[in-house]
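Thanks for coming. I will go through two sets of contacts and then stop.

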Amino acid sequence: MASEARQATADDLTPGGERRRDFLYVATAAFAGAGVVPVAWSLVNQMNPSADVLALASIDLDLSAVQEGQAIKASWRGKPVFARHLTAAEIAEAKKVDAASLRDPQTLADRTKPGNEQWLITLGVCTHLGCVPLGAAEGEVRGDFGGYFCPCHGSHYDTAARIRKGPAPKNLEVPPYQFKSPTSVTIG
Amino acid sequence: MSFPWAKEYKPTSAVGQWMDERLPLPRFIFNALGPGYPTPKNLNAFYNFGVLAGVALVIQIITGVVLAMHYAPNVAIAFDSVEHIMRDVNGGWMIRYMHAVGASFFFGVVYIHIFRGLYYGSYKPPREMIWMLGLVIFLLMMATAFMGYVLVWGQMSFWGAQVITGLFSALPVVGTSIQTWLLGGFSPDNATLNRFFSLHYLLPFVIFGVIVLHVWALHIPGSNNPTGIDVKSEADTVPFHPYYTAKDFVGLGIYLIVFSAFVFFMPNSLGEPDNYIPANPLSTPAHIVPEWYFWPFYAILRAFTTDFLGVPAKLWGVIAMFASILLLFLLPWLDTSPVRSNNYRPLSRILFWVFVVVALLLGVCGGKPAEEPWVRLSQVLTAYYFAHFLIILPIVSKLEKTKALPGSISEAVLAKYGKGGGAAPVAQPAE
């Protein structure tokens, strides 16, 4: 009555020399992988800046009250921004230096906007390990080159906020900004 | 596994019998910490520090869980919630001081535990895995301590977070993205504080898990001992309980007395006063320093001041700092001497103490401002630190003429204490 013929199983070889079970393994692993990867990525990506943090990405700065030789501090993306009104002497000092001889070769023109080279706007974040350099507020040490000085590990920046001495690898970063009027800028 | 002469667990009551057949937990403890674990009989006080480290972790977990009931991980109120714990929560000041001082003490006992392992060659075969798991615990401790320190959200918390996450920005190409990812923003902020709180709560339990592995691996060959030679017979061992349980309790008593002296009489002596100033993202403290237990590594980080081989100074510092610990994973293979204990290695013993002094001096440099002479001294000491492991130790372990090892632990003990019956030490090839 009962058929003597064996049921085909997943372990039988196909004419191609593979087992059906091999296909099942590969398909299961591929399907699980396709599920795990996006879940893992979302677990990693949740640590990136959230929408509200990114939304605070631009600020307006009024420069009208900043006299020559003064600087103001503002906060942009939780980081300090320095806006310095350079004096003629500081501009001359910055231009005198051969940019090619610097650790991070940039001229003053590279670091300011055309026609507004008296406005030096940089992040107040030392490129070494992220401390806030001194020199923006009245009476603070401005280092050996008359710009900014980072007290944490002794980085000296010049009047164009370029790294001249100490461990920092780069000049103080110039954030993206535009002049909205001769005395106001939008940063970010 | 244990030695063949280990006592066997025999349940004494019907309940014990019932339990043993269903969940043999009493048997497990008997074999791990009880009379069923024969231990070399010559362990000195330095062998207390593993247990003390375990106790220190338990103190941190208990006080930490309690502190978390009162702490608020939000940048607006984190600092104030810590002061709330100090002033308003019943006994909160004591619990917080136990936690803060406890962190220092945890590192203190772990450093002694590590140096004990270095001196007696406890990292050598067959104990390499114990050593490496210990280093994993050490790395986890560093991460945990750093994140816990940030939670206070004082000036040193904030700027510590800035500097330490800034280390990752030294990596080429992806560095800045990694820093932003770690912080959850462009500078340490609420997202940073929240994730650090979450991880600071998690990691101690991970440490606990790795300690289980560390102790499991220890129980395979059993403890090393001050002679560094293997256990040969039952005469070389005593049962862990009551001998070492009693000894560990004595050590624990002394530890808790010293710990209490700090908690009650000088709770802030090990901390940085600047951290009692609330975090201010627009003003850097004049002198950023981590807690004392990170000073040697901070000194290595800051020792690199010029670019060379096309690699920026900043990246060198970061590489060197991580390498200074990762290097220790290779120690069992860098030190090839067949003799474990420095008691029988005259040259290596001197070098050990030189290394202790170098490590301590690196600590001093790390706590000072980045000025001369500390920068130059850090550079010399950092060079020696790496030379010790990569050049000096491998050469010395090949060339050194070691002293004759005693025939057995018993023989060494009897020779030392002059009791009759001990034969003079016999020269014997190393294990």
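Chain B is split into domain 1, residues 31-156 plus 201-274, and domain 2, residues 289-400; the bounds come from an automatic or database domain assignment. This is a predicted model, in which local features need pLDDT of at least 70 and side-chain atom pairs count only at pLDDT 80 or more, while totals for chains, interfaces and linings use all residues. Residues are numbered from 1 along each chain as its sequence is written, chains are lettered from A and ligands numbered from 1 in the order in which they are written, and side-chain values use heavy atoms, with hydrogens and water left out.

Start inside chain B. Taken over C-alpha atoms, the centres of domain 1 and domain 2 of chain B are 24 Å apart. In contact, meaning heavy atoms within 4.5 Å, are 36 residues of domain 1 of chain B and 29 residues of domain 2 of chain B. Between these two domains about 2,900 Å² is buried, with 66% of that from carbon and sulfur atoms. Buried area here is the accessible area (1.4 Å probe) that two parts lose on being put together, summed over both. On the domain 1 side, B:Phe115, B:Tyr119 and B:Lys124 supply 24% of the area buried against domain 2 of chain B, more than any other three residues.

Now the polar side of it. Domain 1 and domain 2 of chain B have two salt bridges between them, a salt bridge being a side-chain nitrogen of Lys or Arg within 4 Å of a carboxyl oxygen of Asp or Glu. The count of residue pairs in polar contact between these domains is 15, both residues at pLDDT 80 or more. A polar contact is a pair of N or O atoms within 3.5 Å; within protein, one must be able to donate a hydrogen and the other to accept it, and residues adjacent in sequence count only if both atoms are side-chain atoms.

Next, chain B against chain A. How many residues does each chain bring to the contact? Chain B brings 28 residues and chain A brings 28 residues. The area buried between chain B and chain A is about 2,300 Å², and carbon and sulfur atoms give 64% of it. B:Trp181, B:Phe186 and B:Leu282 supply 33% of what chain B buries against chain A, more than any other three residues.
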